[in-house]
Amino acid sequence: MSFQAYLDNIEGKTGLTPRQFIDLATERGFGPGTKAGEIIAWLADDYGLGRGHAMALVHVITKGPQIGATHVDSGRAHSDPSDTLWLDGTATNPGT
């Protein structure tokens, strides 16, 4: 599953876009420098997200939408067509 697919699945499961999760995380004081475990616990407790999905959100909350070039068109698990993740919801994603 691509990194973007994880984010899209989270939106389908929770009704919230990745951008909305970033805003909620910011309200809780989470951002760059926050330990993954704190964010994972919050997402599990409040939204029922498992570790894999939570880790996708940890990345965008702590590092933003850029992903490493090793994940772009690699043909491997988590391969994405772009090095920038779409955070504003599946309905507005120009790549779909």
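**Exercise 1. State which residues Asn9 is in contact with, leaving aside its neighbours within four places in sequence.**

Solution. 
- Contact means heavy atoms within 4.5 Å.
- With neighbours within four places in sequence set aside, Asn9 is in contact with Met1 and His53.
- Asn9 belongs to helix H1; helices (H or I, at least four residues) and strands (E, at least two) are DSSP runs, numbered from the N terminus.
- The relative accessible area of Asn9 is 37%, so Asn9 is partly exposed. The classes are buried (under 20% relative accessible area), exposed (over 50%) and partly exposed in between, with a 1.4 Å probe and protein chains only.
- Asn9 and Thr90 are separated by 81 residues in sequence and by 9.4 Å in space, C-alpha to C-alpha.

The model is predicted: local features need pLDDT of at least 70, side-chain atom pairs count only at pLDDT 80 or more, and totals for chains, interfaces and linings use all residues. Residues are numbered from 1 along each chain as its sequence is written, and side-chain values use heavy atoms, with hydrogens and water left out.

**Exercise 2. Determine which residues of helix H2 are buried and where they sit around the axis.**

Solution. 
- Helix H2 covers residues 18-27, and its buried residues are Pro18, Phe21, Ile22 and Ala25.
- These residues cover an arc of only 105° around the axis, which puts them on the same side of H2. The arc is that of the directions from the helix axis to the C-beta atoms.
- As background, an α-helix has 3.6 residues a turn, so residues three or four places apart point the same way.
- The exposed residues Thr26 and Glu27 are carried by the face of H2 turned away from its buried side.
- The cover over the buried residues of H2 includes helix H1 (3-14), helix H3 (36-47) and helix H4 (51-63).
- After H2 comes Gly29, with a positive phi near 90°.

**Exercise 3. Classify Asp23 as buried, partly exposed or exposed.**

Solution. 
- Asp23 is a residue of helix H2.
- Its relative accessibility is 43%, so Asp23 counts as partly exposed.
- From Asp23 to Ile61 there are 38 residues in sequence and 8.8 Å in space, C-alpha to C-alpha.

**Exercise 4. Describe the fold and the overall dimensions of the protein.**

Solution. 
- The protein has four helices and zero strands, and along the sequence they give the pattern α-α-α-α.
- The radius of gyration is 13 Å, close to the 12 Å that the globule rule gives for 96 residues, so the protein is as compact as a globular protein of that length. This radius is taken over C-alpha atoms, and the globule rule is 2.2 Å times the number of residues to the power 0.38.
- The C-alpha trace spans about 35 × 25 × 20 Å along its principal axes.
- Of the 96 residues, 38% are buried.
- Among contacts between residues at least 6 apart in sequence, 51% join residues at least 24 apart.
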